[in-house]
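Morning, everyone. Please look at the structure on the screen while I talk.

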Amino acid sequence: VCSMGNSTSRLYSALAKTLSSSAVPQHQDCLEQPDSARLDPIDPKDLMEECQMVLQKRPPRFQRDFVDLKKNAVSNHRPIRVMQWNILAQALGEGKDNFVQCPMEALKWEERKCLILEEILAYKPDILCLQEVDHYFDTFEPLLSRLGYQCTFFPKPWSPCLDVERNNGPDGCALFFLKDRFELINSANIRLTAMKLKTNQVAIAQTLKCNETGRLFCIAVTHLKARTGWERFRSAQGCDLLQNLKNITQGAKIPLIVCGDFNAEPTEEVYREFSNSSLNLNSAYKLLSPDGQSEPPYTTWKIRPSGECRHTLDYIWYSQHALNVNSALGLLTEEQIGPNRLPSFNYPSDHLSLVCDFSFNQDPDRLL
């Protein structure tokens, strides 16, 4: 176990209960989840303080503000905060992604994981959807379960992380929800297909019941195929995911939220498929634009040997007939991101986190 900071810390102690000197065997199939329920709960304030202590030599977190999007809507229940984030797999960040302007020192896992945790703790999501998770069993499941989350992980069948020396196992999608707010009704791990062939991309879809309102809704997380030239492949994966979600939501009778790194700009076919689906989905971050019709200018910004990459690839889709977006977290500005782009000593991933507050439409019988 690597010590986190100059002395043994509370966070180190929390992790040490679930870690050995080699946390996960190099090619573990990651099918079994450790039993963290027996471990003591963690106060999020204590964990935040511990992260800040580890990060005291780094610059402070960027300030991002929520934008109020309510249109005089009145809700009689607490909003549901959903966070979407491709956190950057540690093995890929260190071994494959070639962020030419990012110092390797900024990618050290002992500190970078605290930056990730700090971001999560700052926004306190009720539901957390992550991609490129390759430290699920030794970091996120042990800690987040003790913060009150129910945790699910679905690795890629052939994760590129496994090609990296001293990797921590495969990366995949992970979904976390607060057990005191929601009850799990149904869970499906979906291996996406394209042209009737199974692919290396996955999704998790869970039907939850909101304890406060008794309303059902479905939350899904996915990460589609990357790279230029694979547009038709992503389109086929999107169609497969939509068909699965139609079945799970009984043809949109159950409200739906889909979070993901789609690796697709709004000009791609897969984006149009989601926009025009019979599930009546809208992209929440469009609501930040003046006309409510335009996606943000970027959700990822990095510099690789081939040049600067600035794209909009990450989305939170929602059933616009059944759900309202109360607010959304503003993006980092170009000035905040800085000339060396992401990741950096300030920010742990090459993708920005997206956070939205949702409420149920007050007329549960409203038709599509």
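Let me start with a term. A polar contact is a pair of N or O atoms within 3.5 Å. Within protein, one atom must be able to donate a hydrogen and the other to accept it. Keep in mind that this is a predicted model.

Now use that term on R341. The side chains of R341 and E334 make a polar contact of 3.3 Å. R341 has another such partner: a polar contact of 2.7 Å links its side chain to that of E308.

Where does R341 sit? Find the loop between α8 (334–337) and β15 (354–360); R341 is there. Is R341 buried or exposed? Its relative accessible area is 9%. Buried means under 20%, so R341 counts as buried. What touches R341, leaving aside its neighbours within four places in sequence? The list is W301, K302, I303, E308 and E334.

Next, the largest pocket. Its volume is about 910 Å³. How many residues line the largest pocket? There are 37. K225, A226, R227, N263 and R304 lie nearest the centre. By class, the lining has 14 charged residues, twelve nonpolar and eleven polar. Four elements each supply at least two lining residues: the strands β7 (197–210), β11 (300–304) and β12 (307–311), and α6 (231–248).

That brings us to α6. Let's check its length. At 1.5 Å a residue, the 18 residues of α6 should span 26 Å. The end C-alpha atoms are 26 Å apart, so the two agree.

Which residues of α6 are buried? They are R234, S235, A236, Q237, G238, D240, L241, L242, L245 and I248. What covers them? The cover includes the strands β6 (182–194), β7, β8 (216–223), β9 (256–261) and β10 (281–283), along with α7 (269–275). Notice that β7 turns up here and also in the pocket lining.

Now pick out R232, in helix α6. Its relative accessibility is 68%. Exposed means over 50%, so R232 counts as exposed. R232 and A194 are 38 residues apart along the chain. Their C-alpha atoms, though, are separated by 8.9 Å.

One last stop. After α6 comes Q250. Its phi is positive, near 55 degrees.

Terms used: Residues are numbered from 1 along each chain as its sequence is written. This is a predicted model: local features need pLDDT of at least 70, side-chain atom pairs count only at pLDDT 80 or more; totals for chains, interfaces and linings use all residues. Side-chain values use heavy atoms; hydrogens and water are left out. On a 1 Å grid over the protein atoms alone, a cavity is a set of points where a 1.4 Å probe fits but cannot get out, and a pocket is an open set with protein on both sides within 12 Å along at least five of seven lines; lining residues have an atom within 4 Å of a point. Grid points are joined across faces, edges and corners, and a volume is the space filled by probe spheres set on the points. Ala, Val, Leu, Ile, Met, Phe, Trp, Tyr, Cys and Pro count as nonpolar, Asp, Glu, Lys and Arg as charged, and the others, Gly among them, as polar. Buried means under 20% relative accessible area, exposed over 50%, partly exposed in between (1.4 Å probe, protein chains only). The expected span of a helix is 1.5 Å times one less than its number of residues. Contact means heavy atoms within 4.5 Å.
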